[in-house]
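Open the model in your viewer and keep the selection panel at hand. The tour goes from one selection to the next.

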Amino acid sequence: MDKPKGFGFPRPSDAAAAPTDGEALPEPELLGDDAELDLSADEAAARVEETLTALDSELIGLASVKRRVREIASLLQVDRARHQFGLTASRPTLHMSFTGGPGTGKTTVALRMATILHALGYIRAPRVHTVTRDDLVGQFIGHTAPKTKEAIARAAGGVLFIDEAYYLFRPENERDYGQEVIEILLTEMENERGDLVVIFAGYPDRMATFFSANPGLSSRVPHHLEFDDFTHEELVQIADLMVASENFRFDEQAREVFSEYLTLRMQRPRFSNARSVRNAIERCRLRQARRLVGLHRPLGKQDLVTLTAEDVYGSSLFAGNQS
């Protein structure tokens, strides 16, 4: 994936997101009118269920998002089954909007969605190409269209993930080239529905303004997934998973102190959900390393894997400063 952004737990990779053989499944054979089809026996369905299970294990909370992902997956499985019986219908429109704060798992879900779409034959590769305004908007006349079309070409056959998409629309600047990007996207989203899925992502309030100001764009995006901020309890669970994934552990007191840290940190500006949790754990590891080196004695395995209350209390947040 290009330019990964977002917390993602564990950090998703192209290898993890793609089917093991890297190839789309062959088109299923046409069935007769009297035939019956077991959806669960379909190899594509097995891949989808594996991906959905992985999503459940990777992401704490986000029940409504997981439910919508399953609904979309079910729609596509049924559409695939109808195709096997020769029942024609228009191809589902799969462009999406992911709204939520930073660190709420939007990028991780985009990766998993690409895997599902590929397994069911709706895109050619389980690939997500992530872009922002800077990747699409040019600095002078004639520069924007080539940049935008290059990004679309790189995403062709997969998913184009536009992060902070609302920055494409700047009504206060009549000469801004972002509107040109939107016009190109409108055309490509309609003409390339069989070869490109576009996901727009950003903060909820700004995305609402973005779509209301661009009704043509809004009409082409039928799937809206809302990523809620994590609760304190969910963030503590995320911290436990992140620590374990790196072969560390909190001792009992450290976990209590980290929970206290999160209570304080959530009240401060620029809190970024799981991304802030990951950053806090990285700083705990730095303080642990400094503590261990300062012991000036041989270290055992338990020394190396254990994060203590001292490692957490070292945060300047406990001194009343922002961390």
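Select Asp176 first: at 15% relative accessibility this residue counts as buried (buried is under 20% relative accessible area, exposed over 50%, partly exposed in between; 1.4 Å probe, protein chains only). This is a predicted model: local features need pLDDT of at least 70, side-chain atom pairs count only at pLDDT 80 or more, and totals for chains, interfaces and linings use all residues. Residues are numbered from 1 along each chain as its sequence is written, and side-chain values use heavy atoms, with hydrogens and water left out.

Asp176 forms a salt bridge with Arg133, the closest N and O atoms being 2.4 Å apart (a side-chain nitrogen of Lys or Arg within 4 Å of a carboxyl oxygen of Asp or Glu). Asp176 sits in the loop between strand S3 (159-162) and H7, and Arg133 in helix H5 (residues 133-136), so the pair ties together parts 43 residues apart in sequence. Helices (H or I, at least four residues) and strands (E, at least two) are DSSP runs, numbered from the N terminus. Arg133 is buried too, at 13% relative accessible area.

Next, pick Arg220 and Glu190. Their salt bridge has its closest N and O atoms 3.6 Å apart. Arg220 lies in the loop between helix H9 (215-218) and strand S5 (223-227), Glu190 in helix H7, 30 residues apart. Buried or partly exposed, which is Glu190? Glu190 is partly exposed, at 40% relative accessibility.

Move to Arg291 and Asp311. Their side chains meet in a salt bridge (2.8 Å, N to O). Both residues are buried.

Last, select Glu49, Asp56 and Arg70: salt bridges that share partners join them into one network. The structure holds 12 salt bridges.
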